[in-house]
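My entries follow the display.

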Amino acid sequence: RRDSLRAQLQHVQERRMGVDFDLRHPCEDGGESVLRCSATRIAGMTGFRSGILLSFEDVTEQYTADRFKDKLIGIASHELRTPATSIRAYSRLLSTELKGTGDRRFAQLISKLNSQVDRLAVLTRDLMDLSRITRGQIDLEEEPFDINTLIAEITGEVQETTAVRIDVDRLPSAPPVRGDRERIGRVLTSLLSNGVKYSRDGSRIDIHTSVTKMDVHVHIAVAGADLPVEPMKKMLDLSCFSGDPLSIGLPNESIGLYISAEIIRKHGGEIRLSEKGKTFVFSVVLPFGKRLVPELLVV
């Protein structure tokens, strides 16, 4: 452990940047203690050498509780996945069997059943991602892809499920974005779905992009909706709360916002939510060709 700590301090000194990491130490009872360390380089004044400001916080109890909670979430999401998949298969089969009857009431009931099964599948997937994120074990693919093509695909899929009008315009050509195409697509789906969820009669969603030398900005403008802006901003700003993304009062399905913000952060970008009159704008910023952000280092 002493060598690990020395290596981290040398990293801070050479890179001239701060770093946070967890230091784990075995205990006599067979368990382990966890110290959260924060190291910051301090530039030396004239005649003095530079140094490192090092602080420690004992987070053993928090670490143990979080690991236990994450394990429960992981078990629950895994156990939910199998019946959810089976229910979806049976509902699709039932829909096919009843399609030829011509009974509109049955068709509406099956449509509602399929919609709820899809929501259960999304919630199960989000729980699994949440468990991986909190354990620092989420794996993201790194491959170049065209963001405009992805936007067109996601918009088409969401438009099929809602009567809210979604318009896509102003998609200037952009260099390829490097990252996990599937998960970024799910981020866009989550933001669009939140826009649809809080829409009212006459609401409209407009999507466009803007490009700078360093990154691409995807703007999702929701006009005429009634979004809970402040709670959503807290969910997107990971620094506003510690540990529990459900602690700020949003419905459980909005956990997708927390996961979306974390996925984009790991791509070196961010998600912003702003208000322009009666229009609310989600802005996703993604850098071109930037390596994914590494997990919190545990030594």
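The entries below cover the sheet, the helices on it and one histidine.

I worked from a predicted model, in which local features need pLDDT of at least 70 and side-chain atom pairs count only at pLDDT 80 or more, while totals for chains, interfaces and linings use all residues. Residues are numbered from 1 along each chain as its sequence is written, and side-chain values use heavy atoms, with hydrogens and water left out.

Entry 1, sheet. I looked up the strand order and found an open sheet of 5 strands, β5-β7-β8-β10-β9, with mixed pairing. Strands are DSSP runs of E (at least two residues) and helices of H or I (at least four), numbered from the N terminus; two strands pair if DSSP finds at least two bridges between them. The edge strands are β5 (165-168) and β9 (270-276). I noted that β8 (residues 215-225) and β10 (residues 279-287) pair in the antiparallel sense over 9 bridges, with His 219 opposite Ser 283.

I found α5 lying across β5, β7, β8, β9 and β10, where contact means heavy atoms within 4.5 Å. In α5, Arg 183, Ile 184, Val 187, Ser 190, Leu 191 and Asn 194 meet residues of α7, including Gly 256 and Leu 257.

I located His 208 in strand β7 (residues 199-211). His 208 has a relative accessible area of 19% and is therefore buried (under 20%; exposed is over 50%, partly exposed in between, with a 1.4 Å probe and protein chains only). Among the residues that His 208 touches are Asp 169, His 217 and His 219.

Notes:
Axes fitted to C-alpha atoms, helices over the stretch in contact; angles between N-to-C directions. Lists of a residue's contacts leave out its neighbours within four places in sequence.
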